[in-house]
Amino acid sequence: MTATSAQLDILQREIAAARKALASAAGADTPLGVLAHLTVAVEGLSATQHELVNHLLDEGASWDDIGAALDTSSHAAERRFPRRTRRRKAQPDGRSQP
């Protein structure tokens with residue numbers, strides 16, 4: 001289960017964006033400003049986490065593996081991160097392909 005260089009680049013960019021939002025939160029002048037910047041960081045990291053779980057499952061990780069990494073049960077991990085379906089491309093005859 002190894003991530004490709006492109007996947008790692010995407011993860012690094014998403015983590016950098018969250019760090020920037022956290023730094024902005026730390027420098028905010030009002031509680032509402034802090035909340036706004038924290039929300040950006042949390043939502044971005046949550047989306048990244050969900051995509052990473054899907055990627056790991058695609059690469060052969062089990063729900064037991066995912067649960068252990070999240071310090072929770074496999075059942076709780078599966079409930080928290082339900083599989084997202086991938087859109088299928090339509091073929092010229094209108095059927096979808098994997």
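The buried residues of helix α2 pack against α1 (5–26), α3 (63–69) and α4 (74–80). Buried means under 20% relative accessible area, exposed means over 50%, and partly exposed lies in between (1.4 Å probe, protein chains only). This is a predicted model, where local features need pLDDT of at least 70 and side-chain atom pairs count only at pLDDT 80 or more, while totals for chains, interfaces and linings use all residues. Residues are numbered from 1 along each chain as its sequence is written, and side-chain values use heavy atoms, with hydrogens and water left out.

**The chain as a whole**

- The protein chain has four helices and two strands. Helices (H or I, at least four residues) and strands (E, at least two) are DSSP runs, numbered from the N terminus.
- Read from the N terminus, the elements run α-α-α-α-β-β.
- Of the 98 residues in the protein chain, 19% are buried.
- The accessible surface of the protein chain is about 7,300 Å². Carbon and sulfur atoms account for 56% of that surface. Accessible areas come from the Shrake-Rupley method with a 1.4 Å probe; for residues, only the protein chains shown count as cover.
- Take the contacts between residues at least 6 apart in sequence: 42% of them join residues at least 24 apart. Contact means heavy atoms within 4.5 Å.

**Helix α2**

- Helix α2 covers residues 31–58, which is 28 residues. At 1.5 Å a residue it should span 40 Å, and its end C-alpha atoms are 40 Å apart, so the two agree. The expected span is 1.5 Å times one less than the number of residues.
- The buried residues of α2 are Gly33, Ala41, Thr48, His50, Val53, Asn54, His55 and Leu57.
- Histidine 50 sits in this helix. It counts as buried because its relative accessibility is 10%.
- Setting aside residues up to four places away in sequence, histidine 50 touches Arg80, Phe81, Pro82 and Arg84.
- Just after α2, glycine 60 has a positive phi of about 110°.

**Helix α1**

- The 22 residues of α1 should span 32 Å at 1.5 Å a residue. The end C-alpha atoms of α1 are 31 Å apart, which agrees.
- Leu11, Ala18, Ala21 and Ala25 are buried in α1. They cover an arc of only 85° around the axis, so they lie on the same side of α1. The arc is that of the directions from the helix axis to the C-beta atoms.
- An α-helix has 3.6 residues a turn, so residues three or four places apart point the same way.
- The cover over the buried residues of α1 includes α2.
- On the other side of α1, Ser5, Gln12, Arg13, Arg19, Lys20, Ala23 and Ala26 are exposed.

**The nonpolar core**

- The largest nonpolar core has seven residues: Val53, Leu57, Ala61, Trp63, Ile66, Ala77 and Phe81. Such a core is a set of buried Ala, Val, Leu, Ile, Met, Phe, Trp, Tyr and Cys residues joined through side-chain atoms within 4.5 Å.
- Helices α2 and α3 are the elements that give two or more residues to this core.

**The salt bridge**

- There is one salt bridge. The term means a side-chain nitrogen of Lys or Arg within 4 Å of a carboxyl oxygen of Asp or Glu.
- Its partners are the side chains of aspartate 58 and arginine 83 (2.3 Å, N to O). Aspartate 58 lies in α2 and arginine 83 in the loop between α4 and β1 (89–90), so the pair ties together parts 25 residues apart in sequence.
- Aspartate 58 counts as partly exposed, at 42% relative accessibility. Arginine 83 also has 42% relative accessibility and counts as partly exposed.

- Aspartate 71 lies in the loop between α3 and α4. Its phi is near 60°, a positive value in a residue other than glycine. At 74% relative accessibility, aspartate 71 counts as exposed.
- Serine 74 is in α4. At 25% relative accessibility, it counts as partly exposed.
- Leaving aside neighbours within four places in sequence, serine 74 is in contact with Trp63, Asp64 and Gly67.
- Glutamate 78 is also in α4. Its C-alpha atom is 6.6 Å from that of tryptophan 63, 15 residues away along the chain.
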